[in-house]
Amino acid sequence: MLTAGVALALVAGGQSAAEPAAGLIQPDPMLAFLPAEAQVDWAAVHRGREARKQNREQARVAAKSAGQPLAYTEKETGQGANDAPSKAEHVAGFGTGRGKNPKLTLTGDLAGDPTIPVVPPSAEMNDAIPHASALGTSVRTSGTIGDGPYGSGGDGSGDHDFYRLTGGSEGKYVVVTTDTPAGDLDTLLAAFDSTGSLLGQHDNLAGTTDSRLQVFLPAGQDVYVMVAAAGPGGIPADPLKPGTGKRVLTEGDYDLTVSSGSNDKDHFSVDLKAGDVLGASAAGKATRVVVHDPAGREVFGSSQDFSFLYAENSPMPAGGNAVADFVAPKDGRYTVGAENGDGRYDVTVEAYRPGSELNQRPEVLTIFLDFDGARVNTRIFSSDPSAGNKDLSPLKKFLPGWGLSAADENAVIDGVVATTRENIEKDLAAKGTNKRFAVRILNSRDHADPWGQKNVSRVVIGGSIAEAGIQTVGIAQSIDAGNFGKEETSLVLLDILSAPAAQTGTSLNRYITPASDRIAFIGRAIGNITAHEAGHMSGSWHQDQFNALDAIMDQGGNPKGMFGVGPDAVGGTADDVDVDFHEDVLNPNEGFTGIEDSLNRTAWAYVRGAN
């Protein structure tokens with residue numbers, strides 16, 4: 001999705017881009033293609049994520065399918081036996097083929113790093129940032145919640161233990177975990193900066209009452225990690241002042257480990273068919289799940305659960321400590337790995353065929369490009385109470401912003417449609433591995449509006465931030481590996497794209513000069529953004545926008561790359577670049593790792609019905 005953050009104001013209706021945007025929805029950046037000047041209201045993002053999580057969990061429980069999974073227990077007898085994809089333990093009988101079980105539970109144990117030094121517990125009182133105990137970045141220690149002056153034996157406001165971690169000469173991530181051997185304490189981990197601002201928190205690892213938090217230590221700076229009891233009052237009212245908790249919750253002993261992760265890694269191989277949609281979710285003490293292809297390349301690594309961004313009716317596994325999704329581009333033996341932990345884990349692995357393949361023969365999915373303006377219920381993009389039905393203006397309203405007239409509308413539409421079809425219809429059919437690839441791209445000028453019919457998704461190309469109430473240039477309803485939500489909506493808003501060049505770096509006018517074929521450039525740029533939004537709806541996450549390869553699924557911040565502007569920095573000239581779906585690195589800022597094949601993810605999202 002293309003999005004403008006909270007600091008990127010409206011650039012229509014006479015408002016300056018320097019003015020704050022008030023009363024608008026902050027979309028989730030995981031669905032966003034952010035302009036270079038965007039700033040994100042993370043508090044709003046976290047509220048939206050929590051609401052999505054709750055809705056997703058309710059839908060997942062309601063739609064839980066029957067069938068017992070295949071159970072496999074790790075056979076590793078000593079650390080190192082299955083630490084690499086090449087040494088993976090093979091699980092027979094899993095898959096989507098006849099006689100195979102598409103559901104699998106992997107159970108095993110991750111061994112801790114015996115080389116990490118152990119230091120004695122810190123003395124009370126360490127209940128606030130100014131009193132934090134200094135701790136190394138590779139260390140084990142222990143402590144007790146409830147033993148200080150604020151526990152059940154004290155004033156009853158609740159005990160909090162703070163530790164100071166100091167970054168070295170270079171910034172780095174560390175992993176902080178708790179273990180409660182007696183099981184009396186339900187831990188909460190949180191991280192703060194020196195001013196008391198909350199940087200992150202984590203409650204339960206799936207299936208346990210222990211916690212794990214990945215913390216970034218800036219070079220030469222301090223970060224303060226807090227151990228407390230989970231629940232209301234777990235975060236003190238003022239982390240700079242002792243005794244500002246609300247009440248005593250659970251109490252007990254804990255072990256605390258700070259490290260760069262686990263040395264032990266357990267890998268299991270499974271056989272997949274081309275087009276299989278694989279999902280994996282880690283619970284217990286494993287906090288990272290990773291998928292490798294037959295060549296041993298990492299194709300998806302995750303230490304987080306963003307499954308709430310899946311389509312509402314996606315059957316993919318969700319919840320847990322970490323969730324991964326992957327679409328196999330070819331038949332082969334792939335591996336699923338459990339990492340970053342110390343102790344027992346369970347990993348749920350499931351495989352599905354793409355959603356449209358299950359349609360009646362020979363049904364084909366449709367993408368409808370709507371240039372006429374539309375009424376859109378923006379609640380599909382946000383849980384914000386201000387979301388609702390919004391009327392979006394048609395493309396023709398924005399033509400004057402590019403120095404065009406109503407007479408140019410058909411030429412611009414021709415360019416958008418041609419680029420979208422080239423990116424999706426033509427390239428995916430020619431380059432993808434899906435031999436049953438089929439998609440129908442219709443538009444509001446040349447075809448009757450099919451929106452509301454089965455197997456039709458739409459991209460509305462028109463409207464403004466003011467009309468939509470969403471601080472964005474583009475937004476997709478979901479990230480839907482396998483394209484199970486076959487009737488979804490995306491937006492490509494046009495006010496920022498048609499704004500004066502001086503107002504925003506994401507305006508197409510920044511790249512238009514007398515040397516430009518402006519209509520060809522505008523049509524191609526909007527067509528690329530349209531394909532980007534369709535790419536989200538068909539299952540691709542963001543790729544790295546700042547590496548050497550410009551790709552359709554690049555995250556924001558580099559509009560020149562998305563618009564296909566060539567080395568001369570002028571759009572609509574002979575050196576412009578054809579931006580396509582590619583195999584490229586997942587965006588490093590979004591917490592995933594590996595190489596994403598957005599070409600085949602998208603190609604396998606559009607399969608002609610086979611039933």
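A residue counts as buried under 20% relative accessible area, as exposed over 50%, and as partly exposed in between. By that scale D109, with a relative accessible area of 40%, is partly exposed. The model discussed here is predicted.

D109 belongs to strand 3 (residues 103-110) and R344 to strand 19 (residues 343-352), so the contact ties together parts that are 235 residues apart in sequence. R344 is itself partly exposed, its relative accessible area being 49%.

The whole structure holds 23 salt bridges. Another of them joins D391 to R375, with the closest N and O atoms 2.8 Å apart. Here the partners sit in strand 22 (residues 389-392) for D391 and strand 21 (residues 374-377) for R375, 16 residues apart. The two fall into separate accessibility classes: D391 is partly exposed at 46%, while R375 is exposed because its relative accessible area is 54%, and the exposed class begins over 50%.

A further salt bridge pairs K397 with E467, at 3.3 Å between the closest N and O atoms. K397 lies in the loop between strand 22 and helix 2 (409-431), whereas E467 is part of helix 3 (residues 465-468), 70 residues apart. Salt bridges with shared partners also connect D179, D210 and K285 into one network.

R361, R436, R440 and R608 make up a positive surface patch. One of these, R608, is found in the segment after helix 6 (598-603). R608 has 33% relative accessibility and therefore counts as partly exposed.

Helix 4 gives a view of the interior. This helix covers residues 518-537, 20 residues in total, and spans 29 Å from its first C-alpha to its last, close to the 28 Å expected at 1.5 Å a residue. Of its 20 residues, 17 are buried, so helix 4 is largely enclosed by the rest of the structure. Just after helix 4, G539 adopts a positive phi of about 115°.

The last stop is a contact across the sequence. E37 lies in the segment before helix 1 (42-62). E37 is partly exposed, with a relative accessible area of 27%.

Conventions
Residues numbered from 1 in each chain as written. Predicted model: local features only at pLDDT ≥ 70, side-chain atom pairs only at ≥ 80, totals over all residues. Heavy atoms only, no water. Patch = residues over 30% accessible without salt bridge, like charges linked within 9 Å, V, L, I, M, F, W, Y side chains within 5 Å. Areas by Shrake-Rupley, 256 points an atom, 1.4 Å probe, with all protein chains shown as cover. Salt bridge = Lys/Arg side-chain N within 4 Å of Asp/Glu carboxyl O. Lys, Arg positive; Asp, Glu negative; His and termini not counted. Charge placed at Lys NZ, Arg CZ, Asp CG, Glu CD. Helix = DSSP H or I, 4+ residues; strand = E, 2+ residues; numbered from the N terminus. Buried < 20%, exposed > 50% of the residue type's maximum accessible area, 1.4 Å probe, protein only. Expected span 1.5 Å × (residues − 1).
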